[in-house]
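Visitor: I have not looked at this one before. Can you walk me through a few features?
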Amino acid sequence: MIELFGALSVIVLILIWMYNFLIHKKNEVENLVASVDTTLKKRFDLIPNLVRVVSKYMEHEKNILEKVTELRVQAMKSGITQKEKISLDQKLSSSLGAIMIAVESYPDLKANENMLHLQRILHEVEAQIAAARRAYNQTVTNYNNAIEMVPTNMMASMMKYERKELFSIAENERENVSINDVSVAS
Amino acid sequence: MKKLSTQERERLYAPLEKALHQYKYDVAKAAVPKGLWGFPLNIMWLMLFPMGLYLLNKGKIAGGATILLLTGLIYWYIRRGVILEQIKDINDTAKFRVINSFIELFCKEQNVRWEYVTYHAYLEFKEYEKKHIAQGNGMELFFLPHEQYMPENISEEEFEENLKSVSGYGRADLVMDDIITGQNGEVAFHYCNVSTYNKEYGEAAYKGELLMLNFKNSLEGHLYIAPDTLEKEGGFLGKGLQKSIHSSLPFENEIITMDSPEFEKHYVVYGTDKILANYILTPTFMENLTELAKMQESDIYIRLYKQWMFIMLKNSDNKFEFSLDKGDVPDEIVKMHQDFSNLLRIIETIDFNMHEMNIR
């Protein structure tokens, strides 16, 4: 009887540990989601200024600018899923990259002080977003491992935890910005 | 690092070799007793010597021999004292000159702008204040006692805390020697050998190389990077111990797992913020630190806080020292060049010049 009670106690303790472990992992991901959102918001705030400055010069790239504005509106909508958010982030990153490449064709715009300032801030914000994505991915990987590996996968299935999406990290995000482009974030 | 041909190096280092030969010559010359006259003992020696001869002449063998023996002892004592004093002076002065000449040449060779600072000067100048001894050729050389050494732009509390984090010892416990300062792009660096030499902990208790980097912008959090010895040696149990260690660090933190398995093999990261850690430890920067860990046979400890990064390479090497009395001149030049090249390699490997590292 004592042996049975002892074994049951151990099983209950293990179940409690697994439950707490998974809750801890889930909360870590949620914290990171909030941090990623904060850094993404910095980019959303920058887009209207960027569009305003470049639209004066870019006659032939109106469609890219409209696309960026549209993506921003979609990304800022409340209630979008994490999967949609990741997909919009990728589209927005590539559209902004396209704008920055197009800027090279406009020497006046390239030399414009407002544009230079915006480029510096955007570069810095992109570096912060890249860091947030990597931190998020690491945390989500830990979470995904926890819900798929034995023995916590059984508890995760009972708690209806599901795999979470990762951000894809572009190769150019391995490169870093110069100090001259960096501003002290508040 | 710039590669020089053998001929170029020989040409560049010829004046240094000449200076080292001069040093050896000076030391040898000091062996000839000088300044015997005018010293009180010399008068005694001059009076006793004829007296001994006189007594011997008079047949008082024992008395004469005793006095002559005493004379010999006084002569030996005077000679030894003078030689030691002169050699010490020559040593101190020559070492300053030689190292200064060397760094001047090294700066020319590698096109860097470094300064050499050492505490030895207070032995020579008997002063406890910064003293400029040479200026020119894009370099400013100054000596100051190690007890006073602390980079500018950092508070005493911050300096103390950073020092304790990376070494376990405070400023009062450590001797800082062979201080080299310089500028690499936007980042100012300070390098020195540190040890607990002559302190209550004993000579060999702690030795290492400390590199302090001063950035223009300030971090909003802490980051502490240490060798991953515990996990490497102790596996799961080691990881548990790591967690108990991080609670003893002087700031709130957690263990942060980075996304580079190679980096994770060498280091453990403690920090206040995962995003900040990923922001500083970019993949390229992690590669550089991994390279540094492989390159150096040292335990590496790094602390980032506000505008400062302190990097401690814990090892028993005694860098930027030479013993001319024993080694050959070319050997000493090679050793010194290796030490300077190694420092340059560390600096280039870390590549803290912000082209590779972000600070927000």
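Visitor: Where is Met1(A) found?
Guide: Met1(A) sits in the segment before helix H1 (2-55) of chain A; helices are DSSP runs of H or I, at least four residues, numbered from the N terminus. This is a predicted model, in which local features need pLDDT of at least 70, side-chain atom pairs count only at pLDDT 80 or more, and totals for chains, interfaces and linings use all residues. Residues are numbered from 1 along each chain as its sequence is written, chains are lettered from A and ligands numbered from 1 in the order in which they are written, and side-chain values use heavy atoms, without hydrogens and water.

Visitor: Is Met1(A) buried or exposed?
Guide: Met1(A) counts as exposed because its relative accessibility is 79% (buried is under 20% relative accessible area, exposed over 50%, partly exposed in between, with a 1.4 Å probe and protein chains only).

Visitor: New topic. How many salt bridges does the structure hold?
Guide: Over all chains there are 15, each a side-chain nitrogen of Lys or Arg within 4 Å of a carboxyl oxygen of Asp or Glu.

Visitor: Which residue pairs with Arg43(A) in a salt bridge?
Guide: Asp89(A), with the closest N and O atoms 2.5 Å apart. The pair links distant parts of the chain, 46 residues apart: Arg43(A) is in helix H1 and Asp89(A) in helix H3 (residues 82-103), both of chain A. Salt bridges with shared partners also join Arg43(A), Asp89(A), Glu126(A) and Arg133(A) into one network.

Visitor: And what does Glu28(A) meet in a salt bridge?
Guide: The side chain of Lys274(B), at 3.5 Å, N to O. That pair crosses between chains, from helix H1 of chain A to helix H8 (residues 274-280) of chain B. Both Glu28(A) and Lys274(B) are buried.

Key. Helix = DSSP H or I, 4+ residues; strand = E, 2+ residues; numbered from the N terminus.
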